[in-house]
Amino acid sequence: MKNLSLSQRISVYLFLVICISTFILNSAFFVVLRSQSEDEFKVQTDEILSNISRYYQIPIWNLDFNAISEVTDNWLQTRSGVLAINITDEVGGAIIQKTKGNQEFTGLSKQPHTLLRKGKIIHDERQHIGNIEVLFSNAERVEQNNLTYMKSILVSLLFALLVGLVSNHLLTLFVHRPLRNLIEGTQSAHNSNYTIRVPENAPGEIGILAAEFNKTMNQIEDRDRKLHQHNVELEEIIRVRNLELDKQRATMINSSRLASLGEFSAGMSHEINNPLAVIIGKASILRNFVSKGKIPTEFEIHFIKITEMCDRISKIIKNLRNFARDGSNDPFDYFDINRFFSDIGELTRLKLDKKAIVFKFNNSTNVKQIYGKEIPLSQVIINLINNSADAIESLPEKWVELTVDEDEKYVFFRLKDSGNGIPDDIQKKMMTPFFTTKVIGKGTGLGLSISKGIIEEHKGELTYNGESYNTEFIIKLPKV
Ligand SMILES: Nc1ncnc2c1ncn2[C@@H]1O[C@H](COP(=O)(O)OP(=O)(O)OP(=O)(O)O)[C@@H](O)[C@H]1O
Ligand SMILES: [Mg+2]
């Protein structure tokens, strides 16, 4: 019983209730039927007894024993309910006693369902000429009643079984299955699956419950979706804020790095410029001596070289001071493109020469001037050249090529090196602040992110050209 479903239990209970109630009803009916049948039996035996006694009037009056015996046999054979007949005279003297199948009279009278009826044999309606005893059997009728009782019990059982089966089928259809669906739905909701829905076609309260369940699931799913959406938005806000914070940090670090470099180069240029001025002065005195013939003329070329080198040193120092300046607050202005690139060349030449990197410069455009902040833009290009120099220093072929291009609206600076491109995973992250593949102390991971910021401030774009076989970055600046 424990493992039965609700509908099966109800069906079993229904079956039992119908069985018990029909059994009680049948039994009560049977009791009534039996008492009725006994009454009827008595009435019938009365009639038969008076009938039989009439047949004995004449034979007993005539003391015709043959006729008495014939009548007796006749009654015993024709009447199935008559078991025995005993005839005595008016004072009780035996005349005839016969039983069915010649059994003993007293033995027969002790059998169940027998009834002994006694009567008088009257001649001419007045004279008592004898007594009659007839033993009747009610067994056949009782047996029939019992059979009827058993049949009706059997029919009741079949009816109860049918009701049980039909009710089980209906309950399974309208109660068990919808409830099962609801249980499964609730269980999957426990496991955080809110996509499940149950059929709402069950009748009555279960249908309403299913509809309410679906409504609740809809609401939970909707709330989940909104929550998820909210989370995604929050994550995006945090990501953007973190990026901004990183950018700000990067700019601050870059500014302070430039500030200390600026300070250092200002001090250094002061220290170098003084002895440099002395050397230049002395070289010019020595050239004067050559022109006056005090020193042989073959030395003049050396003094000229000394002066040229000193000029170069002072130019480099001036450029370095310039470059090391934080020009982010400089105003936008036009500047000469040729001087811009020659200054960059001066500043990078030493590093490139040291690493035996060939530098190529192509400018086939007619662009003479650029509008923007010269110092930050030169910092961008020097950053790119430094990156290239770091990337290709151990390659067998080492070159860096800077090409200037233009279209109607833009000027392009293409910086290509002999490297074979940047792997996808690095490409995706290299423009974000503090991303570096260099060893600690060598790179801060700020070069590209700062450069991108500077170019975007000029309403331009700094992109990596994934189409190029060699590593190539492109700066696109609007012509103003
Ligand atoms: N020309 C290039 N060839 C190959 N990889 C490059 C090139 N330029 C940049 N990268 C990759 O991009 C990364 C980020 O460059 P970025 O200039 O922002 O930082 P960094 O050079 O590592 O450090 P920093 O410039 O602050 O000294 C580099 O570490 C390198 O892995
Ligand atoms: Mg760099």
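**The sheet and its helix**

Modeller: In this predicted model, four strands make up an open sheet with antiparallel pairing, and their order is S2-S1-S4-S3. The edge positions belong to strand S2 (94-99) and strand S3 (114-123), each of which pairs on one side only.

Colleague: Which residue in S2 does Ile-85 stand opposite?

Modeller: Strand S1 covers residues 82-89 and pairs with S2 in the antiparallel sense, over five bridges. Within this pairing, the residue in S2 that stands opposite Ile-85 is Lys-98.

Colleague: What angle does the direction of Helix H1 make with that of S3?

Modeller: Helix H1, residues 6-61, packs on the sheet and touches S1, S2, S3 and strand S4 (127-137). Its direction and that of S3 make an angle of about 40°.

**A loop residue**

Colleague: Is Ser-468 buried or exposed?

Modeller: Ser-468 sits in the loop between strand S10 (461-464) and strand S11 (472-478), and a polar atom of its side chain lies 2.6 Å from the backbone oxygen of Asn-470. Because the relative accessible area of Ser-468 is 14%, and the cut-off is under 20%, Ser-468 counts as buried.

**The ligand**

Colleague: How much of the accessible area of ligand 1 does the protein cover?

Modeller: Oxygen atoms of ligand 1 lie 2.5 Å from a side-chain N or O atom of Lys-438, 2.4 Å from a polar side-chain atom of Thr-444 and 3.0 Å from a backbone N or O atom of Leu-446. Of the 590 Å² that ligand 1 has on its own, the protein covers 89%.

Technical notes:
Residues numbered from 1 in each chain as written. Chains lettered and ligands numbered in written order. Predicted model: local features only at pLDDT ≥ 70, side-chain atom pairs only at ≥ 80, totals over all residues. Heavy atoms only, no water. Pairing = 2+ DSSP bridges. Helix = DSSP H or I, 4+ residues; strand = E, 2+ residues; numbered from the N terminus. Contact = heavy atoms within 4.5 Å. Axes fitted to C-alpha atoms, helices over the stretch in contact; angles between N-to-C directions. Buried < 20%, exposed > 50% of the residue type's maximum accessible area, 1.4 Å probe, protein only. Polar contact = N/O pair within 3.5 Å; in protein donor to acceptor, adjacent residues only side chain to side chain. Areas by Shrake-Rupley, 256 points an atom, 1.4 Å probe, with all protein chains shown as cover.
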